[in-house]
Amino acid sequence: MKTINLPPYAPTLMESTRAIGYSVEAAIADIIDNSLAAQATKIGIDFFPIGDEYVAIIDNGHGMTSDEITNAMQYGSKSPNDVRDFNDLGRYGLGLKTASLSQCRKLSVISVCQGKMSGRRWDLDFIQEVGEWSLLVLDNDDIDKLPCIEKLKPLKNGTLIIWQHLDKLSIGEIDLAASLGTKMDIVRDHLSLVFHRYLTGEPGLKKVELRINERPVIAADPFLSKKSAQIMDAEIIIHRGNQVIVKPYILPHLSKMSGAEMKALGGKEGLRRQQGFYVYRNKRLLVWGTWFRLMRQGDLSKLARVQVDIPNSLDDLWTLDIKKSTAIPPEEVRKNLSNIIKKITDGSKRTWTFRGKKEIDDSKNHLWNRIKARDGGIFYEINRDHLIVEEIIRKYPEIKSKLKNLLCQIEGTIPLNQLYIDLTNDEKINNDTYIDEIMVMEIVKSILDDCESADTKVAMLNNLKITDPFCEYLDIIDQAIENGELI
Ligand SMILES: Nc1ncnc2c1ncn2[C@@H]1O[C@H](COP(=O)(O)OP(=O)(O)OP(=O)(O)O)[C@@H](O)[C@H]1O
Ligand SMILES: [Mg+2]
């Protein structure tokens, strides 16, 4: 049989692959993948939106020789079937080109390897002109004219990627500087989450310093791991001789999170939408906030987040896409994940139902919670996180279990029938007359006495003001503050 050699027409193919669907944050993450695979410990991203606008990404990784850059610039520089180093974040031999040219028309790559510098460029306008895969070889003069080059020169090894002619970034924008500013914030948030384990460092993973316009990117830990409960040990699923490690976390209840922590976790709405698996490929976050259709995202599981670590040797099974933004667990792993889901969502439900899924949802902390039971019906529960209950347990930890028994007894023996009869007979129930101002102030003072600093006193007072029964006595509390009796 005859064959015809039919290479793609460069201008068309290069223009078409621009539409793979990269967002700017995913494109930059792809470039950073390369820096991390090159063992970089310092990575800088510079956005320059004025005049000849550019985006530059510089790293102190091992760099590339002149031949290596030529190879790196080729579409399909490595086969997706090659066995990769265990810490390589690449797969398709495309990212450097497709991610960059999805955002710009001119991609320059300059690298120093053992002090020797070389540079190459893909310029889409030039490709259109010549109609071929013509890679530009930059000489010293060309290199010297590039922005940020002064940052690369002092390095013995490292790489500088420059995107110029940012046509896709400026599409539909009147004020590029302002819109780039907003996009930068999105990029910062994305990178702080996607690379959070690199930014924090962990055993076997060197800490990496990442800066955007010289400002450090701070790791965003989606598990709030210092505060969260790890409700079960990590499970190891062995698949095709490789380990998939699954580590479930239950986030602390909302009342235990600070405003900043809550914001970092995506706010109240974010908590719901971002529950689910967090899949890391070589410690780099790939997909998150999904249960892979193994269950629905519900209110009761909103505190559950599960770290799943996969190695790059299972890429084919997880159907990794070119942008590294989707991955689907193979059947074998899905089965195991289903079992784990069951165990952890039970835990997450407990955190919620124990706290009480309050029927009357105001912003106050009540002593009694009205709870809608999972299996139907209503029950009334004394709020174990109420300040008074917490204070007693803190002061007298030895009676914790006795107190718990007492509370259960009170809850279990409310004289409901009699109450019902009294209420329907319009009897006045005078229980609350036992609480008076003196008693309330005594408790307030005792709680505040236990606060160590003025700051914690102020925080506690603010808390008291939204807590039953203190919120009913705001006047006398404010008066006491004014008189200097409380702080
Ligand atoms: N910053 C860098 N430092 C050193 N080498 C690099 C750097 N960036 C790219 N390379 C080299 O260029 C090659 C091509 O990169 P490219 O991102 O196109 O593909 P890949 O990383 O192999 O796979 P993928 O398409 O999955 O990202 C890499 O395999 C690597 O050898
Ligand atoms: Mg890559």
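**Entry 1. Model.** I worked from a predicted model.

**Entry 2. Aromatic pairs.** I looked up the aromatic pairs and found that the structure holds 10 of them. I began with F223 and Y249, whose rings are stacked, at 4.6 Å centre to centre and with 20° between the planes. F223 belongs to the loop between β8 (215-216) and β9 (235-239), whereas Y249 sits in strand β10 (residues 242-250), so this pair ties together parts that are 26 residues apart in sequence. I then checked how accessible each residue is. F223 is buried, its relative accessible area being 1%. Y249 is likewise buried, with a value of 7%.

Entry 3. I next turned to F223 and Y280, whose ring centres are 6.5 Å apart. Because F223 lies in the loop between β8 and β9 and Y280 in strand β11 (residues 276-281), the pair ties together parts that are 57 residues apart in sequence. I noted Y280 as buried, at a relative accessible area of 0%.

**Entry 4. Cluster.** Which residues form one aromatic cluster with F223? I recorded Y249, Y278 and Y280 as the other members of this cluster.

**Entry 5. Charged patch.** On the surface I located a patch of negative charge, in which D436, E437, E442 and D475 gather. I followed up E442, which lies in helix α17 (residues 437-449).

Terms used. Residues numbered from 1 in each chain as written. Chains lettered and ligands numbered in written order. Predicted model: local features only at pLDDT ≥ 70, side-chain atom pairs only at ≥ 80, totals over all residues. Heavy atoms only, no water. Patch = residues over 30% accessible without salt bridge, like charges linked within 9 Å, V, L, I, M, F, W, Y side chains within 5 Å. Areas by Shrake-Rupley, 256 points an atom, 1.4 Å probe, with all protein chains shown as cover. Salt bridge = Lys/Arg side-chain N within 4 Å of Asp/Glu carboxyl O. Lys, Arg positive; Asp, Glu negative; His and termini not counted. Charge placed at Lys NZ, Arg CZ, Asp CG, Glu CD. Helix = DSSP H or I, 4+ residues; strand = E, 2+ residues; numbered from the N terminus. Phe/Tyr/Trp six-rings, centres within 6.5 Å; stacked < 30°, edge-to-face > 60°. Buried < 20%, exposed > 50% of the residue type's maximum accessible area, 1.4 Å probe, protein only.
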